[in-house]
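Hi everyone, thanks for coming.

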Amino acid sequence: MPEAPEVHNVLTYLKDQLQDAEIVKATITHPKLAANLPVEEFCRDLEHQHFREFKRLGKYLLLELDDLDLVAHLRMEGKFLILDSMADVETLDPLKDRKHIHALFELSDGRVLCYKDTRKFGRMYLYPKTENWQSLPVFKNVGKDALDPTLTETELYEKARKRKIPVKTFLLDQKAMAGIGNIYADEILYRAGISPLTLANALDLADWKRILDETRSILNQAIEMGGTTIRSFTYGDGHAGSFQNKLAVHGKEDGAKCPHCNQTLVQTRINGRSTWYCPDCQKEK
Ligand SMILES: [Zn+2]
């Protein structure tokens, strides 16, 4: 699943390609993709809107148009790609590629922004444009972005004090801090020296400072490296990141050793999510 760095890079690609481009026709063939409006209305409203600003909150993309805010969440496998023409869309392999394209945004210059999603879990939301976009209904349970400089360790500490759940689950639920998924959560807790099983309410302010510092350091490094490519996550015209080569614990094979102390890493499940950690470097509190 794309996390903040991967979504950031998708956004950079879209901004590079779509700044001030005009949508002349929108077609959505998987109605659930249009999450908050009837699909006909969703598509009609997009006509003659231009892409103006490109923003991100956690794992959500926000594409600001003339009068509307278009929000997209890629979930597991959603991808945007831009083709030169509708003729190019029609030449895609019908079984491998074309059938997974569920939205087409035809642009005035002939190009087509395609949304492809093999799992169909991704969603899009359309709202009247607002200055106060972080307050849109879709962001009701989404906290500040992990890279938002106004987010402090004190805020995290205060929110975690009431939560008797493993810190990894706390990081994944997006309410206190948005943008971290399963891969980066393991790496952040490893570098912060905190067991993913430690309860969120057992951590002190210094622990949260380490978690926040490591979060920002890892996410920024991953953005610079184009994100992490495991399984099939690529964006745009097949761009792939390389941060997977920097992962210390997440996704390691059975018997793999901690790069710091050489202890065998533990693989377990926390709240259903595969989790890797070092039992020596990451003591439970
Ligand atoms: Zn270790």
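Let's begin with strands 6 and 7: they run antiparallel and are joined by five bridges. A quick word on terms: strands (E, at least two residues) and helices (H or I, at least four residues) are DSSP runs, numbered from the N terminus. Two strands count as paired if DSSP finds at least two bridges between them.

Before going on, please keep in mind that this is a predicted model, where local features need pLDDT of at least 70 and side-chain atom pairs count only at pLDDT 80 or more, while totals for chains, interfaces and linings use all residues. Residues are numbered from 1 along each chain as its sequence is written.

Back to our pair: E106 stands opposite V112 of strand 7. In the hairpin of strands 6 and 7, four residues lie between the strands, and G110 takes a positive phi near 95°.

What about strand 5? Strand 7 (residues 112-116) is joined to strand 5 by five bridges, also antiparallel. Here L81 has C114 as its bridge partner, and F80 has Y115.

How buried is strand 7? Four of its five residues are buried (20 or more other C-beta atoms within 10 Å of their own, with C-beta atoms placed from the backbone), so strand 7 is largely enclosed by the rest of the structure.

Now the whole picture: it is an open sheet of four strands, in the order 1-6-7-5, with antiparallel pairing. Strand 1 (23-28) and strand 5 (79-83) are at the edges with a single partner strand each, so one side of each has no neighbour in the sheet.

Conventions: Buried ≥ 20, exposed ≤ 12 C-beta atoms within 10 Å, placed from the backbone.
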